[in-house]
Amino acid sequence: MPRRPWLSLPVLLFLAVTLIYPLIRILALGFGRGLAEVLASPFYWGRLLWSLEFALGSSFLTLALGLGLGYLFRYAFPGRGVLLAFSMIPFVLPSLVVALAFLALLGPQGWLGLDLFGSPYLLFWASAFYNLGLVLRLLLTLLAQLETYLSAARTLGASSLRAYFRIGIPLLAPALLSSGSLVFLYSFSSLSLPLLLGGQRYATLEVEIYTALADELAFHTATALVLLQLFILSGILSLYLYLQVRQTRSLRPAPLRQLPRGRAWLLSGVVWFFFGLFYSPLIALVLRAFKHPQGFVWIWTSSNYTPAAQALGHTLEFTALALLGVLPLGVLSALAVGRGHPLELIFLAPLLVSPVALGLGVLVSYPSWEGKLVLLLGAYALEAYPLLFRSLLPALRSLSPSLDEAARLLGASWGRRLLRLQGPLVLPALRSGLALSAATMMGEFGATLVLQRPEWITLPLAIYERLGHPGEHPFIEALALAVLLSAISGGVVYVLDQGKGLLG
């Protein structure tokens, strides 16, 4: 589809107000005394090195698991579709819910009685838990392009496993590097997982930004840390975009290899067993919550904390309002880029900025607007519209130019071609992008934590509010709220996505 750069003007104006100007203010505050203090501090260098180790380790672990499962999922076995859909559930869940799921299993009040809170093992597992489904789906899509080569290797005498590791993985190297860089981006800028699971010893750079801002009001330190974060994330995002351009993705599902009935059931048992272990925190969250059903009553009648009805109302209201901005921003940016344009990097620039840094930027830039809802909604839209943009762009690029040209020659205007021809063809991608955007905003934690007002408490903040108090009672309420948030997020994703795309 031909690009129309003039459509980018509203998006560029939005970015100038919500991202570029706040980043300039952060640069102005960060350079000088703040940056000099941070670079001279062994403490912050240690936090930076651990953040890099956490992001790299998460990427390697997720890719290793994805490669192993990718090999197994090339075969047809009972329950394959269910497991593949289930693997995407953590990715569309709020990260705060994922963190609480691990606390429910392996925290101080965990189901197993084994407390791994404050250990790196829990953090790496949680990060892989969060990203594995995304990597697996990407690998399975790309494996369709390699089946001819793998079949040729098997014909020449190589075993299926040898062909996969000696032929498939080297050919998948760019895709693996691209997927790994995406996991790196999510892990390096994650707040909920290291904040709730890592403890003070394993706090990441993102946690230190929030601590410097919220606990110490050290704006110069916080902005200097944001500068370090931006420097690293910009390099990783550039690598990701470069690899995306070089890849030619197949939209066809990978053909499945058939197995004898007995071996198919054996393979099914092995994969189901692994999923049961790997995703056990999610199971523990639900079981722990329903073990104390009174928690589902307490959250609605609580007088010590924000009631669930109020938090749920804010969550749905803010998400719905922000979607009104996400939809035009995502669509206009995708139409403006078309089949290739430097604007793509600009439109994805919000991925460089962590939610906490985003909240800090708008707070510093518009102090007179502090406490106004428009700042929070702008932050929501800024975080979410790149997800819709990235969902629409491959679908638009896959459209045959001859279809548009034929409709144009028949006299159809550009708007009519967009609505009557391209629109229906990219509708599944639009639904998936909106579903992912909605799930992201419903679980938004970092920017909301920075920009919040007491009367704006959302479900993620209500969970965090209860986790900040000792005792079993608030923990039971937090579990019930996490299940409620998961159910609402999953329902919104399913309705918008119609059970396909993300979870299909």
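Reply:

**A covered helix and the space beside it**

Let's start with α19, which is mostly covered: 10 of its 11 residues are buried. The buried ones in α19 are Val356, Ala357, Leu358, Gly359, Leu360, Gly361, Val362, Leu363, Val364 and Ser365. Keep in mind that this is a predicted model. The helix α19 itself runs over 355-365.

Buried residues make up 57% of its 504 residues. As for contacts with a separation of 6 or more, 84% of them join residues 24 or more positions apart.

Now for the empty space. Rolling a probe the size of a water molecule over the atoms shows where such space is left. There are two cavities of 30 Å³ or more in the structure, and the largest cavity has a volume of about 720 Å³. Its lining is made of 37 residues, with Tyr130, Tyr186, Pro355, Glu383 and Thr440 closest to the centre. This is where α19 comes back in: it is one of the elements that give two or more residues to that lining, along with α5 (89-92), α7 (120-143), α10 (173-188), α11, α20 (373-397) and α22 (414-442). By residue type, the lining of the largest cavity splits into 23 nonpolar, 11 polar and three charged.

Next, the nonpolar packing. The largest nonpolar core has 172 residues, and the members that touch the most others are Phe73, Leu100, Leu197, Leu285, Phe347 and Tyr385. Phe347 is a handy one to click on. Beyond its neighbours within four places in sequence, Phe347 is in contact with Ser8, Val11, Leu12, Leu15, Ser333, Ala336, Val337, Tyr385, Pro386 and Phe389.

At least two lining residues come from each of α11 (192-198), α24 (459-467) and α25 (472-497), and α24 gives the most, with three. The pocket lining divides into 10 nonpolar residues, five polar and one charged. Note that α11 turns up in the lining of the largest cavity and also in that of this pocket.

Ser302 sits in the loop between α16 (295-301) and α17 (308-337). Ser302 counts as buried because its relative accessibility is 13%, and the cut-off is under 20%. Its side chain reaches the backbone nitrogen of Asn304 at 3.5 Å. Not counting residues up to four places away in sequence, Ser302 touches Pro307, Arg466 and Glu477.

Leu316 lies in helix α17. With a relative accessible area of 37%, Leu316 is partly exposed, since that class falls between 20% and 50%. Leaving aside neighbours within four places in sequence, Leu316 is in contact with Met442 and Ile488. Leu316 and Ala438 are 122 residues apart in sequence, yet 9.4 Å apart in space, C-alpha to C-alpha.

Terms used:
Residues are numbered from 1 along each chain as its sequence is written. This is a predicted model: local features need pLDDT of at least 70, side-chain atom pairs count only at pLDDT 80 or more; totals for chains, interfaces and linings use all residues. Side-chain values use heavy atoms; hydrogens and water are left out. Helices (H or I, at least four residues) and strands (E, at least two) are DSSP runs, numbered from the N terminus. Buried means under 20% relative accessible area, exposed over 50%, partly exposed in between (1.4 Å probe, protein chains only). A polar contact is a pair of N or O atoms within 3.5 Å; within protein, one must be able to donate a hydrogen and the other to accept it, and residues adjacent in sequence count only if both atoms are side-chain atoms. Contact means heavy atoms within 4.5 Å. Ala, Val, Leu, Ile, Met, Phe, Trp, Tyr, Cys and Pro count as nonpolar, Asp, Glu, Lys and Arg as charged, and the others, Gly among them, as polar. A nonpolar core is a set of buried Ala, Val, Leu, Ile, Met, Phe, Trp, Tyr and Cys residues joined through side-chain atoms within 4.5 Å. On a 1 Å grid over the protein atoms alone, a cavity is a set of points where a 1.4 Å probe fits but cannot get out, and a pocket is an open set with protein on both sides within 12 Å along at least five of seven lines; lining residues have an atom within 4 Å of a point. Grid points are joined across faces, edges and corners, and a volume is the space filled by probe spheres set on the points.
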